Structure formats: structure tokens, C-alpha cells
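Please read it alongside the sequence and the coordinates.

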Amino acid sequence: MKNLPQVSVFKVLRNSAQILKNPLPFHHKNFEKLGDTFEITTLGDGKLIFSRNPEVVKQVLQKKQKSFSKSKLQTKDLAKYIGHGLLTSEGEHWRTHRRMIQPKFHLKNLKSLLGIIHQAIEDELDVVEPNQEQDIFGLMGDVAFKVVAKSLFNALDIDEPMAKLKAIAEENQLMLIKEMRQPYLKWWFKVSGKIGAALNKSEMAREILNELIEQRIASQQKSTDLLDMLLEATYEDGSKMPRNQLIDELFILFTAGYETTANALSFTLYFVAKDKNLQNQLFDEVSKLDSETIKMEDLQRLSLTQSSINEAMRLYPPAYFIDRVAVEEVEIAGFQFKKNSLVLLSLYELHRYKNFWNKPASYSGSRFKDFEDKKHSDYYYPFGAGPRMCIGNAFATYEMIMVVATLIKKYHISTEMESVEINPMITLKPKEVKLRFKKRKSPSISA
């Protein structure tokens with residue numbers, strides 16, 4: 001049995017300022033020096049196991065997933081802000097609601113949402129300013145935010161309440177990041193009232209969601225949105241979801257549904273703006289798309305568009321770490337994982353691993369065009385894997401294809417940025433992505 005290479009608590013403390021700002025360079029140095037799996041000792045959380053080993057990732061998420069559970073980071077720390085829904089629950093509670101909600105994200109239901117998604121995208125992209133350099137990270141956040149909001153609450157007046165929800169979610173994420181990266185200061189966050197203030201904001205968010213539910217029920221209107229689907233969903237005994245649980249699920253779908261998509265779109269459009277040849281090819285592909293009546297079958301034919309998005313998520317996976325806790329002692333890849341070991345799987349490192357990818361640090365928009373699942377499935381996890389794979393992966397994929405296709409069809413995109421600075425929060429964000437949009441005058445793109 002191999003011993004886990006160690007990173008001491010003193011090394012962690014010496015690098016605490018860098019870790020708080022961006023922990024990825026610190027972890028990369030450890031991976032390069034110590035190997036694909038190592039253990040870190042911290043003051044607040046004890047020992048943490050980090051791994052980019054594809055066998056460890058596959059075993060933890062899939063083959064031996066029953067030996068692992070989600071960590072308290074999600075089931076307690078995150079849950080206290082956004083509730084106990086699919087993202088933050090475990091055990092039978094999770095299994096029950098996964099079985100209940102999963103069918104609502106099947107393709108036949110997504111087809112009924114395409115019109116809502118398309119209209120929300122068109123409305124938000126109207127604010128693009130031609131020939132003006134603008135930071136599109138905020139714009140993509142607004143687009144993804146509107147898509148999720150309209151998909152959840154299409155028949156309601158939602159602009160003001162959704163803006164409040166977005167602000168609360170972003171403020172509380174900052175609080176959670178501080179708790180994660182400075183665990184030795186949790187006592188101070190509590191006694192100073194910072195955590196209490198954040199929890200009060202979460203209660204405000206729940207009240208907003210409850211009011212929207214009340215409005216929908218009182219209106220007696222039927223819609224094809226996700227709220228109606230969840231209101232009509234039943235357990236095996238035929239009973240409906242309790243109100244508190246419904247609020248939890250809506251809060252999590254809203255919070256998780258817009259930020260990851262906004263991140264992936266921002267990175268994708270940056271790379272497309274940098275690669276003129278790719279942009280020409282994308283335009284040729286999307287120019288055949290009927291802007292008025294977008295169908296699922298049309299989107300499924302945009303293989304290069306989807307490939308360009310997949311490649312951006314390879315380099316910058318929104319969920320750049322996946323955490324799990326061993327519920328029993330288990331052996332994987334020659335290492336003994338003790339019971340209660342906290343394991344952090346680095347998808348950021350795995351997606352850039354030189355042993356598995358050709359030119360891993362370079363963006364290649366066509367890399368996934370003729371994607372073979374068997375070839376890369378052990379090294380590529382943009383939506384996670386196994387039973388806990390993101391329930392909204394198809395929803396997010398079609399939304400992103402539609403956004404990229406809509407923009408490419410209307411604009412030639414350029415940028416003067418040489419690189420994008422990242423901002424690792426709960427998800428992997430760009431700090432800014434400055435692009436310029438020039439309206440197309442002909443079917444070809446001028447250099």
C-alpha cells in the first residue's frame with residue numbers, strides 16, 4: 001500500500017494569502033512535485049486528500065460511489081444558505097427527490113422550454129452594443145439569469161424579485177468562500193454576526209420564492225415552466241412536494257442554474273473571439289439555423305458549436321473541484337482512503353493533464369467535434385459523473401448552444417485580451433472578458 005505524499009500545515013499557512021485569492025497555482029505546484037494524489041493538513045478541516053488521478057476520480061464518482069458521500073461543505077455549509085435540495089442533500093432524501101425531479105429534465109420536457117429559453121436569450125442580447133468593447137461576463141450572467149428565471153417562473157412578473165435573489169446568492173457565496181478558505185476564522189465570522197446576516201438574507205430569498213409560488217397558485221394559470229412541472233410532481237404515494245422542499249429545490253435550481261452557464265459561455269466566447277478560423281466555421285454552421293423557430297433537432301446538428309463549448313469547459317470547468325467523504329475505508333489506486341477522509345477531485349488538473357490530452361493547455365474548438373466517449377470519458381467531467389451527475393446538463397448544453405449560435409449569426413466577435421484572469425469561487429469564474437461585437441453585413445466574416 002502506498003503512502004500519501006504530505007503537504008504540511010506550515011506550508012499551507014505560508015501560502016494562505018495566495019490560497020485565499022486563488023488556490024489553483026498552489027495545488028498545481030503540489031501536483032507537479034508530489035504526484036497525482038497527495039494529502040494536505042489544515043488548521044480548520046484537518047487532512048484533505050487532493051487527486052487528479054483518473055482512476056481515483058472514476059472510482060470515487062462511479063464504481064465505488066456508494067463508499068463516498070458529499071462533504072459537509074455542501075450538505076451543511078452550503079445547505080444553510082440555499083436549503084436541502086438535490087445539490088446539497090444525501091441518502092434517501094436525495095434519492096427520493098432525484099427520482100421525482102429527474103423526469104422533468106428529460107428531452108421531451110426540455111423541448112417545451114425551448115421557446116421560453118430562446119425568447120429570454122433574444123431579449124437579453126438586445127443590449128449588445130455594436131463596435132463597443134464590453135465586459136461580457138456580466139452580460140452572460142444576465143442572459144443565463146433570465147433564462148433560468150423565465151424557465152422557472154415564465155408566467156409571472158419576475159424581474160424585481162429575481163434581481164433580489166441574484167444579489168443575495170452572490171453575497172452569500174462570498175461569505176461561504178471566506179468560510180472555506182479561512183476555516184480558522186469561522187469563530188470570528190459567527191461572533192461578528194457576518195454569518196447571521198447572510199442567513200437572514202437567505203430567509204429573505206425563501207420568502208421571495210414563496211411569494212412567487214403563492215402568486216402562481218392563486219392565478220390558477222398553467223404554464224410549461226419548471227415551477228408548474230414541480231408543482232405537479234408527486235412522490236410514489238401520490239403526494240405533492242411540501243412547500244419548504246419546493247422552495248429548497250427552486251432556490252438551488254436558480255442558484256446553480258445560471259452561474260455555471262454564465263462562466264462557461266464567457267470563456268467560450270473569449271476563445272471564439274481569438275480564433276478567426278473557428279469563428280468562420282461556426283458561422284457557416286449556424287447560418288442555416290432558423291432564428292424564428294429553433295427546434296431541438298436543429299441544435300443537435302450544431303456539432304462544432306457544441307464542441308467549442310465543451311473545449312472551453314475542458315480548460316475551465318465550472319465545477320473545478322468535486323468533494324466527497326469516505327463513509328468507509330476503501331482502497332483506490334494503491335492508496336488507502338480512511339473512513340471520514342475528505343477527498344477533493346481536481347477536474348481543473350485532470351482536464352489539463354499532459355498524459356491524456358494533445359496540447360492540453362491550448363484551446364482547440366474542434367477537439368470534441370467527433371468526440372468519442374470511450375476515448376476521453378475517464379478524463380473529462382464537465383458536469384460531474386455517476387448518480388450525482390448534474391441534473392440540468394442537457395438544459396445547460398442546449399441553452400449555451402443557443403446563445404453562441406445567436407451571437408455568431410449576428411456578430412463578428414473580436415478581443416484585444418491576451419488571456420483571461422480567473423476568479424475561483426464556488427464555481428470557476430473569469431474576472432472579466434472584454435469583447436467587441438461588429439454586426440455582420442454579409443454571409444462571410446471580414447478579417
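Is Arg 206 buried or exposed? At 16% relative accessibility, Arg 206 counts as buried, where buried means under 20% relative accessible area, exposed over 50% and partly exposed in between (1.4 Å probe, protein chains only). This is a predicted model, in which local features need pLDDT of at least 70 and side-chain atom pairs count only at pLDDT 80 or more, while totals for chains, interfaces and linings use all residues. Residues are numbered from 1 along each chain as its sequence is written, and side-chain values use heavy atoms, with hydrogens and water left out.

**Overall fold**

- The chain has 19 helices and 13 strands, taken as DSSP runs numbered from the N terminus (helices H or I, at least four residues; strands E, at least two).
- The radius of gyration is 22 Å, close to the 22 Å that the globule rule gives for 447 residues, so the chain is as compact as a globular protein of that length. This radius is taken over C-alpha atoms, and the rule is 2.2 Å times the number of residues to the power 0.38.
- Along its principal axes, the C-alpha trace spans about 60 × 55 × 40 Å.
- Of the 447 residues in the chain, 55% are buried.
- Among contacts (heavy atoms within 4.5 Å) with a separation of 6 or more, 74% join residues 24 or more positions apart.

**Surface and charge**

- The accessible surface of the chain is about 20300 Å², and carbon and sulfur atoms account for 50% of this area. Areas come from the Shrake-Rupley method with a 1.4 Å probe; for residues, only the protein chains shown count as cover.
- The chain carries 64 positive and 56 negative charges, whose mean positions are 5 Å apart. Lys and Arg count as positive and Asp and Glu as negative, without His and the chain ends; each charge is placed at NZ of Lys, CZ of Arg, CG of Asp or CD of Glu.

**Salt bridges**

- The count is 27 salt bridges, each defined as a side-chain nitrogen of Lys or Arg within 4 Å of a carboxyl oxygen of Asp or Glu.
- Arg 206 pairs with Asp 248, with the closest N and O atoms 2.4 Å apart. The pair links distant parts of the chain, from helix H11 (residues 194-219) to helix H13 (residues 243-274), 42 residues apart. Asp 248 is buried as well, at 8% relative accessible area.
- Asp 225 and Arg 216 form a salt bridge at 2.7 Å, N to O. Asp 225 is buried at 0%, and Arg 216 is buried at 2%.
- Lys 431 bridges to Glu 421, the closest N and O atoms being 3.3 Å apart. Lys 431 lies in the loop between strands E12 (428-430) and E13 (434-439), and Glu 421 in the loop between strands E10 (411-414) and E11 (422-424). Lys 431 is partly exposed at 39%, and Glu 421 is partly exposed at 46%.
- A network of salt bridges links Glu 32, Asp 36, Arg 52 and Glu 349.

**Two buried residues**

- Ser 71 sits in the loop between strand E4 (68-69) and helix H5 (72-82) and is buried at 3% relative accessibility. Apart from neighbours within four places in sequence, Ser 71 contacts Asp 323, Val 325 and Leu 342.
- Met 296 belongs to helix H15 (residues 296-300) and is buried at 2%. Not counting residues up to four places away in sequence, Met 296 touches Leu 107, Leu 110, Lys 111, Leu 114 and Tyr 398.
- Met 296 and Tyr 398 are 102 residues apart in sequence, with their C-alpha atoms 8.1 Å apart in space.
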